[in-house]
Amino acid sequence: QANLVESGGGSVQPGGSLRLSCVVSRSIPRPDSLGWYSQTPGQQRELVAEISSEGTPKYANSVRGRFTITSDASKNTVYLQMNSLKPEDTAVYYCNARKYRDIDNWLDFWGKGTLVTVSS
């Protein structure tokens with residue numbers, strides 16, 4: 001059983017919008033944060049946005065003002081609204097749930113990823 005299931009990726013022209021969704025399995029014990037990471041071939045996975053269990057969002061500088069992360073606890077779902085998309089946003093986007101054991105030790109859960117392609 002998948003812990004995190006993403007959807008909403010696809011192809012869009014520059015300036016367009018997409019909304020990614022990620023359903024978080026209830027088998028994951030109350031994550032401390034939910035987030036979205038992006039990865040391109042040959043590169044490390046990078047944080048795009050995350051939201052704490054208290055609802056505090058954090059964004060990478062490259063997406064601040066264009067992307068919005070939200071969560072719906074009733075649906076166990078986290079969303080990433082992506083507006084004003086640029087070709088450099090092209091990547092596989094992974095959903096993440098993080099559970100902290102202490103400040104320096106945490107457990108990550110990952111989805112399988114969804115591809116976003118921004119091209120004219």
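Begin with the largest nonpolar core, which has 28 residues; such a core is a set of buried Ala, Val, Leu, Ile, Met, Phe, Trp, Tyr and Cys residues joined through side-chain atoms within 4.5 Å. Select Trp 36, Leu 80, Met 82 and Tyr 93, the residues with the most contacts inside this core. Then colour the elements that give two or more residues to the core: strands E3 (18-24), E4 (33-39), E5 (46-52), E7 (67-72), E8 (77-82), E9 (91-102) and E11 (114-118). Strands (E, at least two residues) are DSSP runs, numbered from the N terminus.

This is a predicted model, in which local features need pLDDT of at least 70, side-chain atom pairs count only at pLDDT 80 or more, and totals for chains, interfaces and linings use all residues. Residues are numbered from 1 along each chain as its sequence is written, and side-chain values use heavy atoms, with hydrogens and water left out.

Next, centre on Met 82. Leaving aside residues up to four places away in sequence, Met 82 touches Gly 16, Ser 17, Leu 18, Leu 20, Arg 66, Phe 67, Tyr 93 and Val 116, contact meaning heavy atoms within 4.5 Å.

Now select Tyr 37 and Trp 110. They form an edge-to-face aromatic pair, 5.0 Å centre to centre with 75° between the planes. Rings of Phe, Tyr and Trp (its six-membered ring) pair if their centres lie within 6.5 Å; planes under 30 degrees apart count as stacked, over 60 as edge-to-face and the rest as tilted. Tyr 37 lies in strand E4 and Trp 110 in strand E10 (residues 105-110), so the pair ties together parts 73 residues apart in sequence. Tyr 37 is buried at 10% relative accessible area, whereas Trp 110 is partly exposed at 32% (buried is under 20%, exposed over 50%, partly exposed in between; 1.4 Å probe, protein chains only).

Finally, display the open antiparallel sheet of four strands, in the order E1-E3-E8-E7; strands pair if DSSP finds at least two bridges between them. Strand E1 (4-7) and E7 stand at the edges with a single partner strand each, so one side of each lacks a neighbour in the sheet. E1 pairs with E3 over four bridges: Leu 4 stands opposite Val 24, and Val 5 opposite Val 23.
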